[in-house]
Structure formats: structure tokens, C-alpha cells
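I opened this model to look up its core, its overall build and one of its sheets. My entries follow.

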Amino acid sequence: MKNFLKKHWVKFLVGAIIIALIIAIPFVFTPSEETGALNSYKMTLAYNDENKTISGQEEVLYCNNSNNAFSSIFFNLYPNAFREGATSTVVSSSNFNEAFPNGASYGSIEVTSVTDSKGNALEFKIGGEDENILEVVLPEPLYPDESVTVVISFSSSLPNANHRYGYGENTINIGNFYPIACVYEDGVGFFTKPYHSNGDPFYSDVANYEVELTVPNNLTVVASGARQSSSENGATVTYNFAGQKIRDFCIVLSEKFEMASCTVGSVTVNYYGYSGDGDLQENADFAGKCVETYNKLFGAYPYSVLNVVKANFVHGGMEYPNLVLISDSAREEDCNYVIAHEIAHQWWYGVVGTNQYQHAWIDEGLAEYSTYLFFEENSQYGLSYNNMISNALTNYKFFVQVYERVNGQVDTSMDRALDQFATEPEYVQLTYTKGVLLFDNLRETLGDRKFMKALSNLYEEYAYKNINSAEFIACFSSSAGRNLENLIKSWINGTVVIA
Ligand SMILES: [Zn+2]
């Protein structure tokens with residue numbers, strides 16, 4: 001995700017000053033094919049524009065890639081974070097009015113049945129800390145390397161919200177709307193943390209998707225995966241999408257979409273703006289330039305399509321597989337920056353995954369630093385790498401100074417769970433800004449050639465997997481041919497002194 005850093009920063013600064021006054025203080029590779037057995041989702045869905053609901057069923061082939069037997073499997077129910085009475089926050093209080101311009105609005109997901117592949121009912125429970133988890137009780141244990149098929153029927157209702165999940169004036173954003181399997185980690189268990197307003201509170205494994213979606217025929221559909229076919233039935237149209245090895249599936253609908261495209265090798269890059277926009281082709285070409293640059297720097301984008309979609313969205317942008325949202329309230333001068341950041345997430349989030357709840361610094365730090373690399377490689381857009389680093393350093397030091405004055409101390413550790421950051425500015429400064437400074441420091445330490453090789457190795461080695469902080473350190477150290485543990489840990493643990 002990309003926050004409006006400047007805006008947050010101003011709000012944060014004003015708040016901090018008030019508080020202070022009151023208290024008186026180059027090579028290209030294509031990711032390889034080796035992964036364990038993949039889950040798959042076959043969905044049949046219909047969107048009802050009158051009720052603002054998306055309903056249907058998903059047939060999930062769930063594979064046990066762990067070393068343990070499971071008596072239950074678990075799924076995230078993200079839409080329940082939007083329900084009335086939820087204890088999770090979906091947006092910080094300073095962004096509430098922008099996310100909910102017409103006042104509070106609610107959404108949720110109802111699971112109506114769970115069966116096995118033969119239609120026999122399976123026991124299920126809605127639980128977790130905030131009704132955010134669906135537990136499906138298996139009739140017999142699922143042993144390592146075995147798979148099971150469960151069929152989940154559900155209906156998700158959207159709030160009136162400029163959010164990842166919600167309908168606004170221009171677009172209907174349908175992200176994180178279906179039951180998606182919780183990631184299981186040996187020694188940890190299923191990861192079941194609820195939604196949080198800081199960052200992108202998601203964590204998933206790559207999977208294969210086949211999605212059939214019926215919508216009213218006045219709406220243009222943009223989705224993850226690649227469109228296979230479509231057929232008209234009176235007032236509705238049914239589309240089929242397929243995506244292999246993607247981490248999630250997102251849908252955006254609008255009556256207003258107009259599209260321009262370009263191609264980068266075998267990849268089609270589409271930019272969806274609103275009818276009447278004069279910059280469709282320009283934005284499509286810019287997005288294509290991003291794909292071309294990251295292909296060269298990190299390794300090839302392995303999918304056939306990438307959709308860059310203008311949408312009503314509270315933050316600057318948001319990444320999904322094959323699809324990124326760019327806020328229609330982003331200032332024109334920020335638009336390219338947001339596009340470059342969100343497209344970088346196709347490499348760092350999409351292909352190389354992380355637990356974004358627990359280790360947000362990895363994908364946000366890498367996406368933000370990749371954005372700097374993009375502008376360094378493409379000087380025609382007028383942003384200087386050195387200036388950007390120098391601004392990041394000034395911002396970061398200012399953040400530390402203000403927090404020290406206001407709170408008497410500042411926690412500068414980066415590797416924290418989203419709910420361990422006290423404020424959104426703290427989260428942004430420590431994952432994005434300090435992330436950028438960490439990668440700049442690693443580059444200075446290793447030299448350009450070794451540093452860039454380490455990034456492309458990371459992309460190759462962790463393609464379609466999830467990387468944690470320890471694995472990141474090990475992978476970077478091995479590429480660099482030296483032990484970087486103390487150096488990287490001093491940054492993420494907050495002990496490094498940044499002068
Ligand atoms: Zn981001």
C-alpha cells in the first residue's frame with residue numbers, strides 16, 4: 001500500500017506540536033516453477049448492484065504442506081472487520097472521513113454452508129479475535145502432503161467506503177472479500193490475526209484461481225488473473241478469469257472505466273481511468289515503463305497481464321496480484337510515484353510474499369526502495385535518487401526528534417506486528433522511510449553490483465514463497481558473500497544510530 005506520506009506527516013506534525021506544547025516537550029530471469037502443492041480456488045460469483053453484495057461459492061482444494069496433521073483448517077474472513085461492532089479498526093481516525101464520506105457504513109461476510117466435494121455438510125465455526133476466522137472441522141485428519149476439498153457458500157456485503165472493500169462514487173472495490181486460507185507455519189500454527197488499520201493486514205500463500213463472475217452489463221470488470229471468456233445473458237454478463245500462482249484475487253467494477261494499454265514483452269499492461277480522462281495512454285505507458293524497469297532490475301514479471309486501476313480509495317494506492325489500485329484523490333504530481341510503488345509490489349508482495357502483518361518492513365521497504373531505483377533508472381521523470389534519499393533521511397530524523405520530544409523516547413524497531421505501532425505515522429516512518437534508508441545503507445555497504453545481485457537472488461529464491469526477517473537476512477548475506485546479520489539486525493531492532 002502507499003500512504004499519502006506528506007499529508008500524514010503534516011497531520012502528525014501538527015498533532016505532535018500541539019501535544020508538545022500542552023505537555024511542554026542487470027540480468028533477467030523468470031521465477032522457477034518449484035513450489036509445494038498449491039491450494040486452488042474455483043469460485044462462482046454474482047455481484048448484485050442493488051444490494052451491493054457479492055455472493056456465491058468457492059471450491060477450495062486445500063493442501064497440507066506442513067509437518068503436522070490437521071483436524072480443522074482455517075480461513076480469514078476479512079469483510080467482518082467492516083461489520084457494525086467490530087473491534088478491529090479498518091482505518092485510522094484521521095482518515096475516517098475520507099474513507100467514509102457519507103458517514104459510518106458497514107459490511108460483512110456471511111458463510112451460509114460448508115460441504116465436502118460430495119455435498120455432505122461439514123461442521124464450521126466463526127471465531128477468531130473478531131469473528132475474523134472461519135474454522136472448518138474436517139471429518140478425518142488431514143495428514144502432511146494430503147489435500148482436501150471444501151465447498152464454502154458465502155455472501156459478502158460491501159460498505160459505502162472508499163476502501164479496499166467498499167463501494168464509492170466512482171468504483172466498487174472488492175478486495176479481500178472471500179474466505180481465504182490462513183497461512184500455516186510449522187512451529188507457529190495458523191496465522192489468524194484480525195484486520196488492522198495500520199498497513200495491509202494480509203498474509204496468504206500463492207494459489208491457483210478460476211473465477212466465474214456475473215455482473216450487471218453496465219459495469220466494466222477488472223480483476224486479478226487473466227480474462228478467459230465472457231458471455232452476455234440479458235442484463236448481465238458472465239466473465240471467466242484464471243490466475244496461476246497468485247496470492248489473492250481482487251475485483252474492481254465501474255460504469256466509468258475507460259482503458260488504454262501497452263505491451264512490455266509478452267505482458268499486457270492496462271491502465272483503467274474514468275471516461276473523459278485525458279491521460280489514459282500516458283499512464284499506461286508509465287506503468288509499462290515500471291514493468292520494463294523492474295524486469296531488468298529484479299527479474300521478469302511472470303504473469304501475462306497487469307491492470308493499473310484508478311479507484312476511490314482512502315490511501316494512495318493498494319496492491320493485489322495483477323491489479324493495483326491508484327487513488328483518484330492522489331495529487332497529479334504524486335500519481336507516477338504511487339503507480340511505481342504499487343507496481344513494485346508485484347515483485348515484493350505478489351511474487352515474493354511476506355507476512356505483511358508481522359514483517360511489513362520487508363515488502364513496504366522493498367517496494368518503496370524499488371520506487372527510488374525506478375526514478376534513478378529513469379531520470380526523464382525528474383526525481384533524483386540522491387534528493388529522495390536525503391529527503392527520507394530528513395523526514396526520518398525529524399520523526400525521531402519529534403517523538404523523543406513528545407514521548408521522551410522513541411521505539412525505532414522496524415520488525416513489529418501492525419498492532420504494535422502506536423500510530424500510523426510511526427508505522428509509515430519505520431517501514432517505508434527507515435526501510436528505504438536500510439536498503440540505501442546495504443547498497444553502500446555492498447556496492448551496486450552485489451546489492452543488485454542480492455535483490456535479484458532474493459526474487460529468484462523466494463518466488464511464490466513467503467520470506468520472514470531471518471530468511472531475508474540469510475538470503476542477503478549469502479548473496480553478498482558476507483554475514484550481514486549484525487548490520488541488518490541493528491537496523492530492524494532499532495539500535496543503529498542514523499546520523
Ligand atoms: Zn506499499
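I began with the core. The largest nonpolar core holds 134 residues. V252, A287, V309 and I339 have the most contacts inside it. I took a nonpolar core as a set of buried Ala, Val, Leu, Ile, Met, Phe, Trp, Tyr and Cys residues joined through C-beta atoms within 7 Å. Buried means 20 or more other C-beta atoms within 10 Å of the residue's own, with C-beta atoms placed from the backbone. Helix α5 (residues 360–377) gives the most to this core, with 10 residues. Domain 1 (5–24 + 366–492) and domain 2 (37–253) both contribute residues, so the core lies between them. The domain bounds come from an automatic or database assignment.

The model is predicted: local features need pLDDT of at least 70, side-chain atom pairs count only at pLDDT 80 or more, and totals for chains, interfaces and linings use all residues. Residues are numbered from 1 along each chain as its sequence is written.

I then checked I339. It touches N283, F286, A287, C290, V308 and I326, leaving out residues up to four places away in sequence. Contact means C-beta atoms, placed from the backbone, within 7 Å.

Next, the whole chain. I found 10 helices and 24 strands. These are DSSP runs numbered from the N terminus: helices are H or I of at least four residues, strands E of at least two. Buried residues make up 47% of the 499.

Last, a sheet. Four strands form an open sheet in the order β8-β9-β17-β14, with antiparallel pairing. Pairing takes at least two DSSP bridges between two strands. β14 and β17 (residues 251–254) pair over 4 bridges. A223 stands opposite I251 in β17.

Methods: A residue is buried if 20 or more other C-beta atoms lie within 10 Å of its own, exposed if 12 or fewer, and partly exposed in between; C-beta atoms are placed from the backbone. Two residues are in contact if their C-beta atoms, placed from the backbone, lie within 7 Å.
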